[in-house]
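Please keep the sequence and the model in view while reading.

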Amino acid sequence: MKRVSWACCSLILVLVQLALCASAHSQVIQPRQADVVLDAALHPPPATADWQAVSLPYTWSEGTAWHRIEFDVPGHLLERPWAVYLPYLYGGGRLMLNGLPLAYVEEPSAEVVVRWERPHLVPIPAALLRQGKNQLFIRVAATSISRGRMPLLEIGPQVQLLSAHDRRLFFVRTMSQFTVLACMIVGILGLFIWWRRREEALYGLFGAAALLWGIRTMTLVIEVMPATGWLFWRTLYHGATGGFVIVMLLFAMQLAGIRHGRLRWGLLAYWLLGPIGYLASGGNEFLVGTVWAGGLLPLGVAVLVIGAYAAWRQRTVALAMLSLALVLAVIAGFHDYLIATRSPLLLAVWPQAAAHRMFLLHYGADLLLLVMGGILSARLIATLHGIERLNLTLEARVAAREAALAENFGRLRSLQMQHAAGEERQQIMRDLHDGLGSQLFLTLSRAEAGPMDQGQIVEALRECIADMRLTLEAMSPQVGDFLAAWGNFRYRWKRALDLLGLASTWEVDTTETFVEIPPHTFIQLLRIVQEALTNVVKHAHASTVVVRLRVDACAIVIAVSDDGMGLGDPNAATTGRGLANMRSRARRVGAQVDIVDQHPGVLVSVHYRRVPAPVA
Amino acid sequence: MQHRGHNHRDLGCAMTISVLVVEDEPVFLQRFCEAIEGEPALEMCGSASTVAGARLLLDTLAPDVLVVDLGLPDGNGIDVIRHARARHENCDVLVVTMFDESQKVVDSIRAGATGYLLKDDSPGDIAAWILQVRAGGAPISPAIARRLLDIFRLSPAPLAQAPLPRAQDRPTPPILSSRETEILRLVAKGLHFKEVALLLRISPSTVITHAKRTYQKLAVHSRGEAVYEASQLGLL
């Protein structure tokens, strides 16, 4: 930062020094007076004509005037190229030096309308310049739309006039060209944004203001125009000027939050009054250019007042900047109005400004547009920041919501699991109640009813214990794995059958190592097998028994076959009850029991369909 | 121990095996007594119903086999097992359980037991188990086999539960041989030693030897654990 300010300071110092040097060695002649005679002839009137001395700049209302200016050229400066610098020559004219034509700047005619904004630097050929006294004649005409104006001219070495010429050229012409171009681009952009987003009225107003100002500024860029287009062009010009002020007012109202529909229509009507009146009056410059345009000034002041009021109320940098720019623009506007109307006030207070006729509203308006663009950019940036912040907040909220959902889901799942475990417990309790419980109760009832023989008691209790073991096996830590429960079951029964002298063959046909089904289901399956094996032991008088387990993706199939005496009478009470018992157990878990008398022996098979099929 | 076991097989007919029963439930005590007396090779040398009594009798009688219930009025049967292993190296220990409470059995094996009896086994069974243990065999139920596989960090089946988390912070147990693992896996599926022997085409006594070695490894492992834990506590 420091280095930058240092650089800036040094640059300014250097520039100031250069300017001082330039002015110190100036040999420029700046005549304050001229002799004038009203004469429309193409050649200067003779010396005997009615020449009258006037001070420059000189203004007259009608007719063509010849000006005579005499100046001395020192001999030592003769070798240098000389020039005449005319800060303005709005209506063109003719220059003659020492009786010979020097230059012709196109003048208005029946075919063309001329309004030269640019300054003129007329080089003087070395042959025309004399040592000592020289006589310069300048013919300037007043037109229907403009008074005759003879500027405060400068005569001197071309090099020394060049910078003043270029400076003015830049400010009154190059700058205007840039302004037109920039206003057109920015205006179209603003209007485009508004076209796509109607709710962004500020962009639309800004775009309109820029575009109108660009059109108005074209008056400084177009210097020669065919007379046929003049009326149309002036209409457009006045419309753009008034439109700009009114759009500015609307912009300020919008920014200040003032909504007044009727006022808006009134403003619109006043705006249209200008160009329509101009067209209708056939191009009355006084009526529109002075009276109507003068009516725009209070509107400009209103813009300023509203902007300042809003800035004071809202205390935003944007509005403060806008107000400042408006103050400058309004001052510039007044200044221009005073110059245009040749106000005696300005002539008295600041005669130099009046002499140079530098119109300032253009720069004020440029500044205003710049501030408006800045405000809109700041708003856009603030909006983008807001969106980013909003996004962040939203993201955080979504994340929090997701976390809450996940937590909720987890809780739900654990509840479901608890529920499932609870259901499982319920099933097992029911099993205990229906199986072990009822058996114990039955045994107790029989014992209470009368003396039971020891064998009956032992048998009943053994059945109880077997049932309990089955339940315990099913509830072992490897709960859920049918193969583990089957291993326990097989181990116990193999040994029991061995001790009874019944040869048993156990076959397992599966590729799976872990068969997951609910414990209460396999308790039922094992009970059925237990029942079948008990039947074999009790009733079959068999010598061998084969127990086959087959597990695949779809089903668990257990088959118990013996080589005993078969079912006998299937309707016998005990047999019937045993089989019915097996079937009811199977039904409880959705399995199917088939009992086939196969002479010899019986085949009991249990078929349990696994759902869903396990993942491959 | 193994040496003594061989001696017994050689001299089995000449000598009887003295059995000490520690059981606080009179009915079961009675049952065990009957079972032991029903077998000529066995001799009931005494019975106790408390930990203290069991220790006293162990030291005075020095039985060949100790049959011990875990739930005693004045303490845990595991203490009796430890006492027996510490003082009477040649004494075989059988644990009495109600059902196949695999965790209790495994804890007992860690303490030094080499087998277990079920309370509802028939008298013939009980005598047979005692003889089998004395002969060097150690019955293993499928549930216990699965637990052993867990302890040795050998999953009984690839899809079964992960090894007990408890075992992970302990010193690595001695690794079982592939044959020992194979036998444990078959037992876990519900096969008896005889069936395992048939399937693997080895003699039943070889299966028993493997089983016993597995038990010993677990006991050794538990001794290692004890040392580890003691050193962790700063006792060693």
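Two strands pair if DSSP finds at least two bridges between them. Helices (H or I, at least four residues) and strands (E, at least two) are themselves DSSP runs, numbered from the N terminus. The model is predicted, so that local features need pLDDT of at least 70 and side-chain atom pairs count only at pLDDT 80 or more, while totals for chains, interfaces and linings use all residues. Residues are numbered from 1 along each chain as its sequence is written, and chains are lettered from A and ligands numbered from 1 in the order in which they are written.

**The chains**

A residue is buried if 20 or more other C-beta atoms lie within 10 Å of its own, exposed if 12 or fewer, and partly exposed in between, with C-beta atoms placed from the backbone. Two residues are in contact if their C-beta atoms, placed in that way, lie within 7 Å.

| Chain | Residues | Buried residues | Helices and strands |
|---|---|---|---|
| B | 236 residues | 42% | ten helices, seven strands |

In chain A, 73% of the contacts with a separation of 6 or more involve residues 24 or more positions apart. For chain B, 67% of the contacts between residues at least 6 apart in sequence join residues at least 24 apart.

Strand E18 of chain A covers residues 602-609. On its covered face are A:Val602, A:Val604, A:Val606 and A:Tyr608, whereas A:Leu603, A:Ser605, A:His607 and A:Arg609 form the uncovered face. In a regular strand the side chains alternate between the two faces of the sheet.

Strand E16 (residues 555-562) of chain A pairs with E18(A) in the antiparallel sense over seven bridges. Within E18(A), A:Ser605 is the residue opposite A:Ala559. Strand E17 (residues 591-597) of chain A also runs antiparallel to E18(A), joined by seven bridges, and A:Val593 has A:Val606 as its bridge partner in E18(A). Four residues separate E17(A) from E18(A) in a hairpin, and A:His599 in the turn has a positive phi of about 40°.

**Helices H4 and H5**

Which angle do the axes of helix H4 (residues 230-256) and helix H5 (residues 261-280) of chain A make where they cross? The axes, lines fitted to C-alpha atoms over the stretch in contact, with angles from 0 to 180 degrees between N-to-C directions, cross at roughly 165° and come within 8 Å. H4(A) and H5(A) are therefore roughly antiparallel to each other; angles under 35 degrees count as roughly parallel, over 145 as roughly antiparallel, 65 to 115 as roughly perpendicular and the rest as oblique.
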